[in-house]
Amino acid sequence: MKTRILLVEDDPATVDVMRLELEHLDYEVTVATNGIEALDIASAQLPDLIVLDIFLPKMDGLEVAARLRKNPKTKDIPVLAATAKALPDDREKCLAAGCNDYIAKPFSHRELGAALKKLLGE
């Protein structure tokens, strides 16, 4: 069975590129385009990993990460923050909110793959 990834991203062009990259890496991908949808899908489908943008409509990614950690069903799902927020303290903010790791956009196919494998223990 393929590893299931929930991609949380609101930009359609970025969704297309990242979905192709994730599928090329042999992951099964589900997409959420806002924070509330992300929480609903994560709780219902329990993906193996969540790739989470921080700038999202309806609820930002930091709040999504915090809520994932408070939910007993989703608290242990690894979360990779994949965001254009690349100021010096942004990584710490993402980790403090509950993300397991952080990758700044734009990132390479190799960087994304390495971050995913690290979080999945592959």
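Q: Which residue caps the N-terminal end of α2?
A: Asparagine 34 caps this end, with a side-chain oxygen 3.0 Å from the backbone nitrogen of isoleucine 36. A polar contact is a pair of N or O atoms within 3.5 Å, one able to donate a hydrogen and the other to accept it; residues adjacent in sequence count only if both atoms are side-chain atoms. Helices (H or I, at least four residues) and strands (E, at least two) are DSSP runs. The model is predicted: local features need pLDDT of at least 70, side-chain atom pairs pLDDT 80 or more, while totals for chains, interfaces and linings use all residues. Residues are numbered from 1 along each chain, and side-chain values use heavy atoms, without hydrogens and water.

Q: Which residues of α2 are buried, and what do they pack against?
A: In α2 (residues 35–45), Gly35, Ala38, Leu39, Ile41, Ala42 and Ser43 are buried (under 20% relative accessible area, 1.4 Å probe, protein chains only). They pack against β1 (4–8), β2 (28–32), β3 (49–52) and α3 (61–70), contact meaning heavy atoms within 4.5 Å. Just after α2, leucine 46 has a positive phi of about 45 degrees.

How values were computed: Buried means under 20% relative accessible area, exposed over 50%, partly exposed in between (1.4 Å probe, protein chains only).
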